[in-house]
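Here is a short walk through one protein chain. Keep the model open while you read, and look up each residue as it comes along.

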Amino acid sequence: MKIRTFLVTLLLCCFTLVAAAQVPLMPLQDLRPGMKGIGKTVISGDTIETFDVEIIGVNGSETSGQGVLVYLSGPLIEKTGGVAQGMSGSPVYVDGRLVGAVAYGRTFNDPHYCFLTPIGNMLKLLDVPSAPSRDWLPQGTSLMAGGFSSQGMEYLQEKLGLAGLEVLPGGGGGQVSTKPLEAGSAVGASFMQGDLTLGALGTVTWVGDDGSVLAFGHPFLQRGQSNFYMNKAWVLGCIPNMQSSYKVGNVGSGIGTFTQDRASGIAGKQGVLPASIPTFVTVSDLDRGQNRFTRVDIIEDEQMMPLILDAAVYNTAVQAMDRKGGGTGRIRFEISARDSQKKLLKIDRENMYYASANLIPIMNREMSEAASILMQNKLEPVDVFDITVTAEITETPQVAEIQQVSTRQRDVKPGEKITFNVEFKPYRGKVFNQLVDFVIPKDHPGGELVLSVRSGGSMAWLQNLLRKQKEEGKPQKHQERKVTLEDYVKQVNEADKNNDLVIDISTGSGSGFDLEKISEEMGLESVIQGSPYKQKTTLDFIVDGEREITLNVVKD
């Protein structure tokens, strides 16, 4: 009786799935070696074509997973040179019944052979619970990038190559299909759309009456719960390759969201777009008066968003510069978000950078790190809803080194404001002077006071080292107080800049303060960032170097 009830329930479930897709399914147990069938895919435009399929056999088990080995042939396969990247997800039918999707081939093997992912495994994706996954398990997926210059493509490949991803040109602009998705249609899964695009091209396996879509027949990045754009696509052609042929095409605007990315394929639904971040980038070349603008929407993905943001700014900057080399860059980035309580958080940061070569990656570094730590913070979830980046670049080295510091007032009183004359030597320029005010700490006990006059960026390397040690779990001398996400944002906004002239008590002897006590109260990292008495002046050039000056504090 129990067995009969189970079988009836199973049959009802199968009937529901078949009815939803309006296509009969082929159970694996009904397959026999030598059976002939057809597959569907697009290799040009949006016209679905067929190819011949012969069943070789079924391997594996229900416990370990099953696959169907097939042999592909026919005029279409001869054109593509065998199984090509982008054919993944192509539905295969035997006697008019859906068996599964083209999924895996073997590099350098006969490209006519490949494995199918059974359709039963893919249909399970529609019922996967929506528990989020933080795993990052790239599977060597080839991505298509559109709108990038040759330098931008190289940089994008460098960044995404660290995650095991390969990037190919194509994917943006041009003609896109206007036909509704159906089994065999080309489909895109993408991270970004707008002036720049980045995503993968594959094939639709199955479409449900409610707009549900199954595709690829293998993982995209195997992210589990996912948030990718679902895009219509247009195939320009299939490019032969000694390692593996691949399709090249255009990816259009989003028409839905892929919400599951699992071993057996990707699944999603048409009609609702994924959560994304509108991003605006403006870069000006001050030497030539040239401006470049980029507007993109980037998916809210903890790992991918900072990488894509970096690449988008880099590409815009190299197009504005239209040259290789270094120079001076000024960048301002604003990242607006809401915390778990819907409270507004805003990183608003501006800084200047100089490099004799490869300026832009250096200029982008702080922005990318701020985005990474905000998106990947362990304190609470955030919803980033807007990013604006503005940058100016010139070949002129806007850097000046501190030569000496002087003041007419050597004897000073607690709380008194004094003026320092700071002598600067610019790069290949004439020496000039800058007047800067400083207020003597009110609680100084009297006596010698040694002040350090330095660049705001002179200790950045040591701060970065401590941050990494903290992230890796290495012990620190002092226990830091518990910080909130709001504290972090404030620290980023108020951190010293390369064009800040900082005056602070010296960390050596002669400060007049008990530095050990201050260190105990503030924590080691806070002392490195500056004492409570630090004062800074923002200048219009990058400050280099450090000098000390000694004063005598006289108490009444």
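This is a predicted model: local features need pLDDT of at least 70, side-chain atom pairs count only at pLDDT 80 or more; totals for chains, interfaces and linings use all residues.

## A look around the chain

The chain has 556 residues, and 48% of them count as buried. If you take contacts between residues at least 6 apart in sequence, 71% of those join residues at least 24 apart.

Start with helix 4 (residues 150-161) and helix 5 (residues 304-321).

Which residues of the two helices make the contact? On the helix 4 side, they are Gln151, Gly152, Tyr155, Leu156, Lys159 and Leu160. Helix 5 brings in Met304, Leu307, Asp310, Ala311, Tyr314, Asn315 and Val318. Sorted by class, this contact has 8 nonpolar, 3 polar and 2 charged residues.

## Rings that pair up

Now for the aromatic side chains. The structure holds 10 aromatic pairs. For rings, the description works with the distance of the centres and the angle of the planes.

One of the pairs is formed by Tyr155 and Tyr314, and it is stacked, with 3.9 Å from centre to centre and 5° between the planes. You've met both residues already, in the contact between helix 4 and helix 5. Tyr155 has 4% relative accessibility, so it counts as buried. Tyr314 has 11%, so it is buried too.

Next, take Phe432 and Phe541. Their ring centres are 5.4 Å apart and their planes stand at 90°, so this pair is edge-to-face. Phe432 belongs to strand 23 (residues 432-439), while Phe541 is in the loop between strand 26 (535-538) and strand 27 (542-544). The pair therefore ties together parts of the chain that are 109 residues apart in sequence. Phe432 counts as partly exposed at 28% relative accessibility, whereas Phe541 is buried at 13%.

There's also a cluster to find: ring pairs link Phe191, Phe216, Phe220 and Phe228.

## Two loop residues with positive phi

Gln222 has a phi of about 55°, and phi of Asp322 is near 55°. Where do they sit? Gln222 is in the loop between strand 11 (212-215) and strand 12 (224-239). Asp322 is in the loop between helix 5 and strand 17 (327-338). With a relative accessible area of 27%, Gln222 is partly exposed, while Asp322, at 60%, counts as exposed.

Here are the accessibilities of the residues from this tour, side by side:

| Residue | Relative accessible area | Class |
|---|---|---|
| Tyr155 | 4% | buried |
| Tyr314 | 11% | buried |
| Phe541 | 13% | buried |
| Gln222 | 27% | partly exposed |
| Phe432 | 28% | partly exposed |
| Asp322 | 60% | exposed |

Notes
Residues are numbered from 1 along each chain as its sequence is written. Side-chain values use heavy atoms; hydrogens and water are left out. Contact means heavy atoms within 4.5 Å. Helices (H or I, at least four residues) and strands (E, at least two) are DSSP runs, numbered from the N terminus. Ala, Val, Leu, Ile, Met, Phe, Trp, Tyr, Cys and Pro count as nonpolar, Asp, Glu, Lys and Arg as charged, and the others, Gly among them, as polar. Rings of Phe, Tyr and Trp (its six-membered ring) pair if their centres lie within 6.5 Å; planes under 30 degrees apart count as stacked, over 60 as edge-to-face and the rest as tilted. Buried means under 20% relative accessible area, exposed over 50%, partly exposed in between (1.4 Å probe, protein chains only).
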